[in-house]
Amino acid sequence: MFQHRTGLIKAFFRQWQIQSMVIPGIIWMVIFCYLPMLWLIIAFMDYSIAKPMLESPFVGLKHFEDFVTDDRFWRSIRNTLGMSSIKLVLGFPIPILFALLLNEIRNMRFKRTVQTISYLPHFIAWTIFGGITLNWLGEGGVVNQLMMALGFQEREILFNSDPKYFWWITYFSDTLKETGWSAIIYIAAIAGIDPGLYEAAELDGANRWQRMWHITIQSIRPTIAILFILAVSGILGSNFDQIFMLKNNMNMKMAESLDLYIYNMGLVSGRHSFSTAVLFVRSIVALGLLFLANYTSKKLTGDSIF
Amino acid sequence: MEKRRRLRRIGAFEIGNTLLMLAVCFITLYPMWFVFVNSLNSPQQAMLGTVNWFPKELSLDSYSVVFNDKSLMNGFYITTMRTVIGTAVHVLFTAIVAYGMSKTNLIGRKLYLKIALITMLFSGGLIPTFILMTKLGLYDNFLVFIIPAMYTFFNMVIFMSFYRTIPDSLEESAKVDGASDYGVLFRIVLPNSMAVIATISLFSAVYHWNDYYQGVLYIRSQDQLPLQTMLYKIIAENSMSLIQQQAMAQFGARLPGNSIKFASMMVATLPILAFYPFIQRYLIKGVMIGAIKG
C-alpha cells in the first residue's frame, strides 16, 4: 500500500507537464465556481459586504421566511412562469416548422441563403435588438404605424409602457431574433435522414404531407424530445439580457422575472443575504428540474443529456 | 418521372413556401436595414421615425457626432481590447486545460472531470459571484472582462472531442523525437486544430463584443465602460447626457437623440455585420459539434 502510494506520487511528478496544464483550470474552477457556491451560506446570515463573512451573525431561515411572504417574490414567479410558458407553447414549435418548410425548398442556393440570413439576428447584441424593439413599439414607431394603417387600432399605443403587453413583447422579439438559430439543429437532423426513405414512400404513393409527417417528423422526434425536455427544465430561467433591456419602471409589474427580482433585491436594494436565499432555492429547484429532465429523456428516448 | 417532378416544382405549395421564406428573410433583415437607413437620414427625418426604404435626406451628421464623441470612442476601444484579449486568453487557456484533460493517463483525471462537471450542474449565482468579484478586486477593473471568461466547460469538451480525432501516431512520432508535452501541444496538436480554434474564437469574440451585462454589473468608471454598456445606458436608461451635450455643442438643438442612437447602434454592429458572411459557416460548425456532444 505504502509502496503503491509513493509510486503514485512519483508517477504524478513524472507527468508534471500535463498536470501543470490541468491544475490551473481546476484552480480557476475552485475560485470562480466553487467559492461562489460556498458563499451561498450567507443566505443563512445577516451578511454585510463591509465585514468578513464569518463575523456576520447566523439568522437561520429568516430570509427564507421573508421572501415566501413577499408578494413581489410570488409576482416574479408568476412572471417567470408566464413568459416561459408562452415561449414553450407558442415558441417551441416555430423553429421546427421553419426547418420543415425550409427543407421543402428545392433550390439549394436559395435554401442556403435563407438559412444564412435567418440566423443573423442571433449575433446581434440585445442592446441593439432591444433598441430597435423599443423604437418600433414607441410613439410613432413602426408597429403603431402598421397597426393604424391596417385599421387594428385607432390611436397610438405606448406598448412598452403598458405592463399587459410585456410578455408578448418578449415572446415576439425573442422569436424574431432566435428562430433561425434554434432551427439549425433541426435542419441538421433532417439532413441526416436517409433519402431512401423518401423514395420508398414516394413509390408507395405518399404525398408531401404524409412524407413530412411519417418520415421527417418521426425521424427528428428524438431531437425534438430532448430539446423540449431541456426547455421545460429551464422554465425557471428567463432571457435576462432581453428582459433587462426591455424593462422599465412602468412595466416592471409584469417584467420582473425571478432573475430580475434577485438582481433588484440584491444589487439595487443591497439585500445580499435575502437575495442569496432566493438564489439558493432557485438553484436547488433548477438542479432538480435538470435531473428530472435527464431521467425523463433517458426513459423516453434512451438518450440522456449527461 | 422527370416530368412529374418538374410539374410538382411549380405547384401552389412551392410558390407559397418560397414567398414565405422570402418574407422570413425580409422580417429578419428589415430591423437592421431600418437602423441603417435612419442612421443615414437627416436628424429631422430620423426623429419622425417614419418607415422609409431609403434615407430621405442623406446626412452623415449623426456619424460625425458618434465618431467625435470621446466617451463612445473610448467605449469602442475598451470593447475592442476586451474582445481581442478576452478571446485570445480564453482560447489559449481552454485549449491547454482541455489537452491535459484529454490524456487518459492523467493521474486524477476522473476526479478532475467530476470537479469540472459539477460546475455545469450547480452554481453560486449572481449575488455570491458579485461579492466574490468585489473581494477579488475585480470590481471596476478591466480584468473582470477577461479572467472570469477564461474558461467554459462546454468549450473544453469541444476541444477534448476534437483532439480525439487527431491521429495518435502524429503525437507519438513527435514524442519519439524527444518533444515534451508542451512541445507536442504547441507544435503538433494546436496547428492541427485550427478549425476548432477558429470556431471557438468566433463564439468567444461574439460574446465579448455583444455583452453589456458585465459592464452594467461591475464597471463604474466612465472610461472603463464597453460600448455595449454605453448603448444600454443610452437606449434603455435614456441617459443621453454626455453625447447629447456634445451634439448640442456641435449642432445646436437641431440634432435630436434618435439619429445618434441609430448611428451608434450601427457602429456597434458593423464589425459583426462586416465579418458575418465570412464567419457564419464556422459558427454553424460550432453548433454542430456542440449538438453532437450535448
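Of the 294 residues in chain B, 38% are buried, where buried means that 20 or more other C-beta atoms, placed from the backbone, lie within 10 Å of the residue's own. This is a predicted model, in which local features need pLDDT of at least 70 and side-chain atom pairs count only at pLDDT 80 or more, while totals for chains, interfaces and linings use all residues. Residues are numbered from 1 along each chain as its sequence is written, and chains are lettered from A in the order in which they are written.

Next, the helices. Chain B has 16 helices and 0 strands; helices are DSSP runs of H or I with at least four residues, strands are E runs of at least two, and both are numbered from the N terminus.

Now the contact between the chains. Chain B puts in 69 residues and chain A 67, two residues being in contact if their C-beta atoms, placed from the backbone, lie within 7 Å. On the chain B side, α2(B) gives the largest share, 13 residues. By class, that side has 48 nonpolar, 17 polar and 4 charged residues. Here Ala, Val, Leu, Ile, Met, Phe, Trp, Tyr, Cys and Pro count as nonpolar, Asp, Glu, Lys and Arg as charged, and the others as polar.

Last, the core. The largest nonpolar core has 118 residues; such a core is a set of buried Ala, Val, Leu, Ile, Met, Phe, Trp, Tyr and Cys residues joined through C-beta atoms within 7 Å. Its largest share, 11 residues, comes from α5(B). Among the residues with the most contacts inside the core are Ile262(A) and Val97(B). Ile262(A) touches residues of both chains, including Ser275(A) and Leu126(B).

How values were computed. Buried ≥ 20, exposed ≤ 12 C-beta atoms within 10 Å, placed from the backbone. Lists of a residue's contacts leave out its neighbours within four places in sequence.
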